[in-house]
Amino acid sequence: MANDPYGWLDKSLQTLHRADWYRTPRTLHGRPGPSMTVDGGRSLLNFASNDYLGLAGDERLIAAAVAATHTYGTGSTGSRLLTGQRPLHRELERAIATFKQTEDAIVFSSGYLANLGSIAALVGPRDLVFSDRYNHSSLKNGARLSGATVAEYRHNDMADLAVQLADKRTNYRRCLIVTDSVFSMDGDLCPLLELLKLATVHGTMLMVDEAHGTGVLGATGAGCAEHFGCAGREFIQMGTLSKALGSLGGYIAGSAVLVDYLRNRAASWIYTTAPTPADMAAALEAIAIVQREPERRARLWQNVAQLKSGLAATGIPTLPSESPILCIECPGPTAALTRANKLQAAGIFAPAVRPPTVPTSRIRLTLSASHTPEQIQQLLEVLQAAFGSERRDRQPVDRCLS
Ligand SMILES: *Cc1c(COP(=O)(O)O)cnc(C)c1O
């Protein structure tokens, strides 16, 4: 028989298995909440979700999605420029713009598509993208897709970025700096004020991915931009509807001309079906709740403070964090998997995050406003029992800022 053209697939999977990089999805049952049934087993305490404010299972979001479905049906039936737009799409975009203090916003079908489509529309082969080494996959792939030259700078290292800007910027037409605001797999924040300064000095655009900042950071939950007091400044604010907002979709918020341009040039917006009325209505309701109920954010940050001080007391090594994302360092992918299994056996659901997603293996914990102090105490006791014996000398964890 001739050489099997698909034979490499199985070999490639075997390589993943050998490296302990292999992954499979788990099935969770019921509505999102602080405890969930995973893979049909017993109920586990859920420290793995991006539902930071506990809105994904909120009755009001569900009612809004159901009402929108009754009014407009399940599918949007076409792309935004043809038959896909309903009043809800523009209503949501206006609400995002008001929330983010920008002139306008554009909603994509996912955050990933927002990053792919907007970066590829903003820069091209004559241009330069500076990308933080720890950026989310969607930012990295957007930069790749654009055909621009991509220069990575060391994680949050403004001195490295400044040197590279001075060295390379003038050789290119347009330039774009892209960064996560809250680093999704680490939990630390980008130095937004320094980034804005460098962007101004070198005449470059700046795009900040607020996937994990929106609803979480800032006095009104508007994100890292609000947290650092620069929400009104001109830069490109990207975010997702799929995390604290409990829905599905992504957006770019910025100047009216930027949004108008993207409506005409972002292929991942133009050539895909508009997001569903249900998703738009749920996100609209979520934005209203985020602004109306700051107590949810206050509870979330109380939970973060409780977990951080508890972890500091145990001496378990964690990565620096200023967000509800807290990572426990592991010596390698095998150790991370063993630890995740140990936690699961003790009733805690928290994933082992391993290469190639991140450079170093870790257990990633995320907190929600819906966790109770007792549940966080339970997590701390399990962590202490599972990891306490493995403690080693470590640097103090950065203090929480919000
Ligand atoms: C989750 C995430 C995205 C993608 O958003 P989706 O709406 O899930 O597609 C983009 N950037 C970052 C930093 C993320 O964490």
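A search of the whole structure, a predicted model, finds zero disulfides, a disulfide being a pair of cysteine sulfur atoms within 2.5 Å. Cys-175 illustrates this: its sulfur lies 16 Å from the closest cysteine sulfur, in Cys-190, which is too far for a bond. With 1% relative accessibility, Cys-175 counts as buried (buried means under 20% relative accessible area, exposed over 50% and partly exposed in between, with a 1.4 Å probe and protein chains only). Cys-230 is likewise in no disulfide, the nearest cysteine sulfur, that of Cys-224, being 7.4 Å away. Cys-230 also counts as buried, at 1% relative accessibility.

As the model is predicted, local features need pLDDT of at least 70 and side-chain atom pairs count only at pLDDT 80 or more, while totals for chains, interfaces and linings use all residues. Residues are numbered from 1 along each chain as its sequence is written, and side-chain values use heavy atoms, with hydrogens and water left out.

Helices (H or I, at least four residues) and strands (E, at least two) are DSSP runs, numbered from the N terminus. In a regular strand the side chains alternate between the two faces of the sheet. Here Arg-362, Arg-364 and Thr-366 point one way from strand 14, Ile-363 and Leu-365 point the other way, and all are buried. Strand 11 (residues 325-329) runs antiparallel to strand 14 and is joined to it by five bridges; two strands pair if DSSP finds at least two bridges between them. Across this pairing, Cys-327 stands opposite Arg-364. Strand 13 (residues 352-353) also pairs with strand 14 in the antiparallel sense, over two bridges, with Val-353 opposite Arg-362.

Oxygen atoms of the ligand lie 2.8 Å from a polar backbone atom of Gly-111 and 2.9 Å from a polar backbone atom of Tyr-112. In the case of Lys-243, an N or O atom of the side chain is 2.6 Å from an oxygen atom of the ligand. Taken alone the ligand exposes 380 Å², and the protein buries 86% of that, with accessible areas from the Shrake-Rupley method and a 1.4 Å probe.

Definitions and conventions. Polar contact = N/O pair within 3.5 Å; in protein donor to acceptor, adjacent residues only side chain to side chain.
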